Amino acid sequence: MRNFSLILVLTLATAISSTKATSSHFSAFQTQKVLICVSKGAEVYHLDYCRGLKNCTHEVKEVTIAEAKGMGRRACGYCY
């Protein structure tokens, strides 16, 4: 019975630390800076080296991924 209890405690501790690491990684991803084309028809966000930004004839603005998704944007097919 003691062995079972010890295994249970170790399993729970591992699961909790794994969840914290994943949450931290997700949070860092959401605050990553990306570029958007500020135009009426733009639907995606880009990394700074993306060839898709060449088509933008409007202002290019830097925002976080969370902000871009909040605007209804999705990741670009070229750079993501």
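Modeller: Buried means under 20% relative accessible area. The structure considered here is a predicted model.

Biologist: Is Gln30 buried or exposed?

Modeller: Gln30 has a relative accessible area of 14%, so Gln30 is buried. This residue belongs to helix 1, which spans residues 2–30.

Biologist: With which residues is Gln30 in contact, leaving aside its neighbours within four places in sequence?

Modeller: With those neighbours set aside, the contacts of Gln30 are Thr64, Ile65, Ala66 and Lys69.

Biologist: How should pLDDT be read, and over which residues does pLDDT stay under 50?

Modeller: Where pLDDT is low, the predicted coordinates should not be read in detail. Here, pLDDT stays under 50 over residues 17–21. For that stretch the model has 0 contacts beyond four places in sequence. Across the chain, the average pLDDT is 80, and 66% of the residues score at least 70.

Biologist: How many salt bridges does a search of the whole structure find?

Modeller: Side chains of opposite charge can pair when their charged atoms come close. In this structure the search finds 1 salt bridge. Glu43 forms a salt bridge with Arg74, and their closest N and O atoms are 3.5 Å apart.

Biologist: Which parts does the pair tie together?

Modeller: Glu43 lies in the loop between strand 1 (33–38) and strand 2 (44–46), whereas Arg74 lies in strand 4 (residues 74–75), so the pair ties together parts that are 31 residues apart in sequence.

Biologist: What is the relative accessible area of Glu43, and what is that of Arg74?

Modeller: Glu43 has a relative accessible area of 48% and is partly exposed. Arg74, at 47%, is also partly exposed.

Conventions:
Residues numbered from 1 in each chain as written. Heavy atoms only, no water. Helix = DSSP H or I, 4+ residues; strand = E, 2+ residues; numbered from the N terminus. Buried < 20%, exposed > 50% of the residue type's maximum accessible area, 1.4 Å probe, protein only. Contact = heavy atoms within 4.5 Å. pLDDT = per-residue confidence, 0-100. Salt bridge = Lys/Arg side-chain N within 4 Å of Asp/Glu carboxyl O.
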